[in-house]
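Keep the sequence and the model side by side as you read.

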Amino acid sequence: MSSILVYVATQDGKIKRSSLEVLSYCKRLSEENGLSLEAAVLDADPARFTDKIASYGPSKIYAVKNPAFSNHLASALLEGLSSLISKINPRLLACASTESVKEVIGALGARHNAGVIPDVASFAIQNGSVNAERPVMSAKVLSKTSSSSDLVLVSVRSGSYDAVESPAETTVETIEFDFETAALKSLLKEVISSAGDKVDLSEAEVVVAAGRGIKDEQGRKLIEDLADSLGAAVGASRAVTESGLFPATLQIGQTGKVVSPQLYFAVGISGAIQHVAGMANSKVIVAINKDADAPIFQYATYGLVGDLFKILPLLTEQIRTYKAS
Amino acid sequence: MKFSVCIKQVPDVSAPLTIKDGNLSQDTDRMVLDAYSASAVEEALVLTDKHGGDVEVVLVGPDKAKETIRKALAMGAATGVHIVVENTSGLDSAAFAEILAAWHKKSDYDVILTGKQSQDTDAGLTGGMLAWKLGLPYAANAVGLTYDEAASAIVVKRQGDSGQEMVELKTPCLVTCSNDMNDPRIPSLKGIMQSKRKKVETVQLSDLGLELDALSGTVSQTQVHGFKEVPGREPGKKFEGDAEELVSNLMNLLENEAKVL
Ligand SMILES: Cc1cc2nc3c(=O)[nH]c(=O)nc-3n(C[C@H](O)[C@H](O)[C@H](O)COP(=O)(O)OP(=O)(O)OC[C@H]3O[C@@H](n4cnc5c(N)ncnc54)[C@H](O)[C@@H]3O)c2cc1C
Ligand SMILES: Nc1ncnc2c1ncn2[C@@H]1O[C@H](COP(=O)(O)O)[C@@H](O)[C@H]1O
């Protein structure tokens with residue numbers, strides 16, 4: 001009962017950056033609190049990730065292996081994490097707040113009678129309890145939430161901590177996980193991914209996000225061109241995913257994804273709190289809006305008041321020239 | 001088919017709010033139907049219109065929350081269940097899930113719907129916790145639902161980490177709903193009139209064999225100690241002018257000041 005266990009999420013053969021952020025922070029937390037740090041990766045072929053995980057300093061890595069982990073099946077993740085909890089009995093299970101984690105963390109908490117603090121912006125261990133700050137009321141304020149349960153589950157918003165390597169002596173335990181999909185009452189029929197899913201939005205270093213101001217196909221093309229010139233992922237406000245101009249997977253905000261890129265372009269986005277909830281952690285924010293009073297300018301590092309249809313073609317051209325030089 | 005939809009009453013998050021001594025205070029004490037719960041109600045109404053059946057809404061909350069049950073009845077839900085808890089301040093999602101589980105153990109349903117999160121706490125826990133407590137298959141963050149009559153199964157389109165996943169759940173099952181699923185209907189005048197005659201069953205915690213002290217003391221495993229401001233961002237720079245000027249300014253700043261290109 002003296003360890004922090006970090007679940008390291010993988011997607012399409014890559015470790016999620018947000019998981020490494022959590023692992024890095026937990027390394028510090030474990031040292032400060034005299035706890036051991038362990039990591040778990042659940043994948044069809046977990047061995048391919050253990051070297052990279054080791055460079056972030058856990059004393060032990062559980063490489064949990066089963067083909068079911070690669071096909072997005074929530075019940076596989078739930079069973080996998082649950083059996084690890086029973087085996088290791090950690091003080092704290094920390095993970096990045098991915099969609100898969102959001103789907104299972106409540107059930108996992110109920111099953112192990114744990115305190116669950118989801119989607120935190122920061123957390124710490126003090127006097128044996130876990131204290132966290134999490135955005136509430138459409139991310140207008142932070143609530144101070146704590147739990148002193150024997151087991152606490154915490155999921156962390158992406159961009160809350162920096163990923164910093166800190167290698168240590170690590171052992172790897174491979175677990176051939178026994179999981180019978182046949183016994184399940186739920187069945188994954190298919191995964192529909194759209195062209196927009198090529199770049200993982202939640203991990204992207206540069207995001208170009210489109211709002212209602214892009215109006216139509218012509219505006220969409222301008223957004224795609226700018227994203228292409230920057231090697232950026234495309235995101236969107238709810239107004240745009242609702243209109244069908246971009247797929248729902250690209251929605252950023254309270255209901256959609258949380259992103260934390262180095263550079264975020266908000267193009268034709270007014271800056272409703274529900275949108276800002278998903279992007280306020282971006283390092284540099286550029287807003288392009290023709291309304292000088294649009295709320296998005298309150299968050300923008302650089303705000304351009306003007307017509308996106310005039311600005312974007314010029315900007316894309318200049319970025320192309322810059323990148324080529 | 002019977003849908004049981006768990007609905008929550010929440011403060012109007014669009015109303016201005018301030019923090020005083022760590023406590024939240026809002027300009028109004030207006031309470032509304034949680035937007036995610038509203039989408040769950042809408043979806044249940046659409047599916048029962050198509051396949052037959054009834055929609056029941058279940059709410060845990062104070063007497064004042066009855067108006068939110070009426071709102072869902074005015075949208076078209078057939079019946080309401082009000083589990084009365086006058087002061088919910090010490091309860092977290094685990095406690096709400098415990099109460100909702102106790103209710104559902106003695107009522108019948110084919111499908112339970114909840115919001116994928118609630119608008120005030122954004123926790124997103126109650127649905128998964130409830131599913132676990134009832135031993136139901138479930139899927140979270142649904143953006144579309146269909147019913148496969150032949151298979152007695154709900155087919156959920158959910159927003160996953162990469163792309164959308166189609167998951168089939170045999171009934172009875174539980175689904176948590178995104179507000180991206182639909183636009184909840186605005187109750188019509190006729191709906192509002194009819195809602196006044198619809199049945200709302202009042203249930204006390206003791207009817208469910210539960211006690212408030214135990215729910216806040218041991219079932220709730222988390223406590224909220226107060227609120228604080230979100231750290232503000234550094235004030236930025238705003239430019240007006242013609243497009244050429246704006247773009248060359250921006251390029252210069254991105255390259256030389258922010259150094260992010
Ligand atoms: C429970 C709940 C959850 C929500 N979750 C989300 C979420 O996850 N993500 C999200 O984005 N929203 C979410 N919303 C919706 C949110 O409240 C806003 O409605 C939405 O973000 C508005 O999108 P927008 O900024 O693109 O559109 P608008 O608010 O209509 O803004 C369009 C902007 O484009 C500008 N514009 C127009 N033409 C031009 C031009 N030619 N050049 C430059 N600028 C131009 C306008 O000045 C305006 O500021 C949620 C709402 C609720 C109630
Ligand atoms: N007091 C409550 N009464 C009824 N349903 C609730 C209550 N609290 C939460 N729920 C349901 O659970 C969903 C998610 O809640 P949460 O875990 O608080 O984010 C809500 O959208 C509701 O559908």
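How many bridges join strand S14 of chain A to S15(A), and do they run parallel or antiparallel? Four bridges join S14(A), residues 206–210, to S15(A), and the two strands run parallel. Strands here are DSSP E runs of at least two residues, helices are H or I runs of at least four, and both are numbered from the N terminus. Two strands count as paired if DSSP finds at least two bridges between them. Within this pair, A:Val208 stands opposite A:Val234 of S15(A).

Some ground rules come next. This is a predicted model, in which local features need pLDDT of at least 70 and side-chain atom pairs count only at pLDDT 80 or more, while totals for chains, interfaces and linings use all residues. Residues are numbered from 1 along each chain as its sequence is written, chains are lettered from A and ligands numbered from 1 in the order in which they are written, and side-chain values use heavy atoms, with hydrogens and water left out.

Now widen the view to the sheet. Its six strands have the order S15(A)-S14(A)-S16(A)-S17(A)-S18(A)-S15(B), with parallel pairing, and the sheet is open. The edge strands are S15 (233–236) of chain A and S15 (237–240) of chain B; each pairs on one side only. From one strand to the next, the twist averages 20 degrees. Strands of a sheet pair through backbone hydrogen bonds.

Helix H8(A) lies across S16 (263–267), S17 (284–289) and S18 (302–305) of chain A. The helix runs at about 135 degrees to S17(A). Such angles run from 0 to 180 degrees between N-to-C directions, with axes fitted to C-alpha atoms, for helices over the stretch in contact. Contact means heavy atoms within 4.5 Å.

Ligand 1 lies between chains A and B. There are 29 residues around it, and A:Arg212, A:Ser237, A:Ile252, A:Ser270 and A:Asn289 come nearest. A residue belongs here if one of its heavy atoms lies within 4 Å. By class, the shell has eight nonpolar, 16 polar and five charged residues. Ala, Val, Leu, Ile, Met, Phe, Trp, Tyr, Cys and Pro count as nonpolar, Asp, Glu, Lys and Arg as charged, and the others, Gly among them, as polar.

Polar contacts are pairs of N or O atoms within 3.5 Å; within protein, one must be able to donate a hydrogen and the other to accept it, and residues adjacent in sequence count only if both atoms are side-chain atoms. An oxygen of ligand 1 is 2.8 Å from a side-chain N or O atom of A:Asn289. For the side chain of A:Gln251, the distance is 3.0 Å. The protein covers 83% of the 1000 Å² of accessible area that ligand 1 has on its own. Areas come from the Shrake-Rupley method with a 1.4 Å probe; for residues, only the protein chains shown count as cover.

Turn to ligand 2. Its 20 surrounding residues include B:Cys6, B:Ile7, B:Ser118, B:Gly124 and B:Thr126 as the closest. An oxygen of ligand 2 is 3.0 Å from a side-chain N or O atom of B:Ser93. Taken alone, ligand 2 exposes 490 Å², and the protein buries 99% of that.
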